[in-house]
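Visitor: I'm new to this one, could you walk me through it?
Guide: Gladly, let's bring it up and begin with a pair of side chains.

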Amino acid sequence: MKRSLRIVAAAIVLLMTVALFAACSKPADSNQPSDENAGGDKIKMAIISNRSFGDKGPIDSMAAVIPEVEALGFECKTLESLTPDVYEEDIRAMAKAGYEVIVTSFAPVSEAVVAVAKDYPNIKFVSLYQYTNAGDTKYENIWSTEYKVQEVLYILGCLQGKMTTANKVGMISGQETATSNAAVNGFMDGVQAANPDCEVEYMYADTYDDPTVGREIALAMISRGVDCITSSCGKTSTGVVEACQENGVLCTADNSDYFEIGKNVLMTHLLTDFGEVVLEAANDIKNGEFKGGEHTIKSIFNDAAIVVWDTIDRFCETNPDKADALKAAAEFAKEQQDKLVSGELVIEFDTEKPVNITKG
């Protein structure tokens, strides 16, 4: 009897062992995150940028909030994915590595994001300055956001239209897109609102990562008599500010405080804070409120795209000879900003290719 019981017990153990082995040897689902952090509490977030970190702008703003995001219980990794041939490969590699949240930047990567998101429905994708869910097709594991900055550029145009003494103003943008065209058109409208006699020229640098190109374009504009320049081209803006500082040409820039290299020329800068979106997404995910399937517009109307006004006072203190003129120009620009926010003034999202404004 005892022998029979031992045989039964042995059989049971054998069956359990076989079952356990079968469960353990079951192939992993290749379309789900790997279980590298099994048993851990951290949520793995990958921040993938198609522009270089070190831009002192929107890309660096994502890296800047990592301590706050990690304090919420995330484990973060940053990755540069700089050419179209590796966009999907890099995003997919993060998915395979078990990252549960993947943040990407700018529209050129959108197609790659969608391709990977379809294969990994349990991963949450945060698509910055992209239009993935803007149309009729919605992806429930993607939250897309875009920035509309034509109002902010209109305000900077007002400022520069008042500050130019040569009646020649220039704008340098990074790359032609619908949003960039709207921004340039908004800037031109602002210049004309402040100074109808002013000429305005613009150029696309076709890069957000090359200060040398920004410098060359700025010097070319300066050689044509431009005495105020607005730059909206990421790290490329560094070269623009340097050229302006060397030639005494007033400027405004995008998303970064270049005061250390432009103390005598940089009046202010605009700010579109990508880090704010990353932090918002982290909080939403922690609270079970991820905005999957939604498309959010960031702009002056929700304080996501702003002119940094407090830098005006600093410039005036450093450059007292220009203080009175800049304070008056800023007062006019702020009045226009109030009209925009109240709805009294509307700047259309005009995506037509801009045309230089010439006089005479």
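Guide: Arg 92 and Glu 88 sit four residues apart in helix H4 (residues 87-96), so about one helical turn separates them; helices here are DSSP runs of H or I with at least four residues, strands are runs of E with at least two, and both are numbered from the N terminus. This is a predicted model, in which local features need pLDDT of at least 70 and side-chain atom pairs count only at pLDDT 80 or more, while totals for chains, interfaces and linings use all residues. Residues are numbered from 1 along each chain as its sequence is written, and side-chain values use heavy atoms, leaving out hydrogens and water.

Visitor: What do the side chains of Arg 92 and Glu 88 meet in?
Guide: They meet in a salt bridge, at 2.9 Å from N to O; the term means a side-chain nitrogen of Lys or Arg within 4 Å of a carboxyl oxygen of Asp or Glu.

Visitor: And how many salt bridges are there by this rule?
Guide: The count comes to twelve.

Visitor: Which residues are linked in a network of them?
Guide: The network links Glu 276, Glu 280, Asp 284, Lys 291 and Lys 298. Within it, Glu 280 pairs with Lys 291, their closest N and O atoms being 2.8 Å apart. Glu 280 also forms a salt bridge with Lys 298, at 2.9 Å from N to O.

Visitor: Is Lys 298 buried or exposed?
Guide: Lys 298 is buried, with a relative accessible area of 6%, where buried means under 20%, exposed over 50% and partly exposed in between, using a 1.4 Å probe and protein chains only.
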